[in-house]
Amino acid sequence: MVLTENIRMLAKQALYIILAHTILLTINIYSHAKIDILFSPGSNLFYSLFFCFVPLITVFLLATKFARQAAVVTIGILAAVLVYNIFTRFAAVSLFPVREAPLFWKILYEGSYGLLLISEVIGLWIVIKLLKEVHKQTDSQAGTKS
């Protein structure tokens with residue numbers, strides 16, 4: 001499969017969004033641990049590493065001949081992390097605060113949470129556009145071969 005300029009441009013945009021997403025997710029997890037003493041990054045280490053590194057790995061494959069497969073995996077993982085983040089945001093609210101966290105960590109947590117959700121939605125949108133471009137290209141190549 002020959003990559004068009006549109007696919008390369010969308011893959012580069014997806015790379016930047018996923019890099020920002022990984023940084024925001026790391027900040028969010030760290031600040032959540034500072035706010036909620038019952039939330040331990042060690043107990044959620046598998047999910048944290050999975051949601052950070054799988055999108056990073058697949059986004060580098062978007063500009064290769066495996067763009068279709070990488071786009072499907074990236075869409076799936078971004079949708080999963082979106083649902084997981086919304087679920088943990090409301091399921092992890094402790095009713096009885098053990099200690100009062102500094103305001104800085106609360107603001108950092110809420111800000112990174114909002115930006116994280118925005119980056120996930122934008123990433124999904126870009127990767128879906130990339131997948132449409134890949135399908136257009138493979139359909140046009142299939143039409144010229146027959």
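Me: Which side chain does Arg 89 meet in a salt bridge?
Reply: Glu 110, at 2.8 Å from N to O. This is in a predicted model.

Me: Where do Arg 89 and Glu 110 lie?
Reply: Arg 89 is in helix H3, and Glu 110 is in helix H4, which covers residues 103-145. The pair therefore ties together parts that are 21 residues apart in sequence.

Me: Is Arg 89 buried or exposed?
Reply: Arg 89 counts as buried, because its relative accessibility is 18% and the cut-off for buried is under 20%.

Me: And what does Glu 110 count as?
Reply: Partly exposed, at 39% relative accessibility.

Me: How many salt bridges does the structure hold?
Reply: Two. Besides Arg 89 with Glu 110, the side chains of Glu 133 and Lys 136 meet at 3.5 Å, N to O.

Me: How far apart are Glu 133 and Lys 136 in helix H4?
Reply: They are three residues apart, so about one helical turn separates them.

Me: Which is buried and which is exposed, Glu 133 or Lys 136?
Reply: Glu 133 is buried, with a relative accessible area of 18%. Lys 136 is exposed, with 54%.

Me: Stepping back, how many helices and strands does the protein have?
Reply: Four helices and zero strands. From the N terminus on, the order of elements is α-α-α-α.

Me: How many residues are there, and what share counts as buried?
Reply: The protein has 146 residues, and 40% of them count as buried.

Me: At what angle do the axes of H1 and H2 cross?
Reply: Roughly 170°, with the axes coming within 9 Å. H1 is therefore roughly antiparallel to H2. H1 covers residues 5-35, and H2 covers residues 45-60.

Me: What is the handedness of the crossing where H1 passes H2?
Reply: The crossing is left-handed.

Me: Where is Phe 53 placed, and what is its relative accessible area?
Reply: Phe 53 sits in helix H2. Its relative accessible area is 46%, so Phe 53 is partly exposed.

Me: What about Ala 67: buried or exposed?
Reply: Buried, at 0% relative accessibility. Ala 67 is in helix H3, residues 67-91.

Me: What distance separates the C-alpha atoms of Ala 67 and Ile 7?
Reply: They are separated by 8.8 Å, although the two residues are 60 residues apart along the chain.

Note on methods: Residues are numbered from 1 along each chain as its sequence is written. This is a predicted model: local features need pLDDT of at least 70, side-chain atom pairs count only at pLDDT 80 or more; totals for chains, interfaces and linings use all residues. Side-chain values use heavy atoms; hydrogens and water are left out. Helices (H or I, at least four residues) and strands (E, at least two) are DSSP runs, numbered from the N terminus. Buried means under 20% relative accessible area, exposed over 50%, partly exposed in between (1.4 Å probe, protein chains only). Axes are lines fitted to C-alpha atoms, for helices over the stretch in contact, and angles run from 0 to 180 degrees between N-to-C directions. Angles under 35 degrees count as roughly parallel, over 145 as roughly antiparallel, 65 to 115 as roughly perpendicular and the rest as oblique. A crossing is left-handed if the near helix is turned anticlockwise from the far one by less than a right angle, and right-handed if clockwise. A salt bridge is a side-chain nitrogen of Lys or Arg within 4 Å of a carboxyl oxygen of Asp or Glu.
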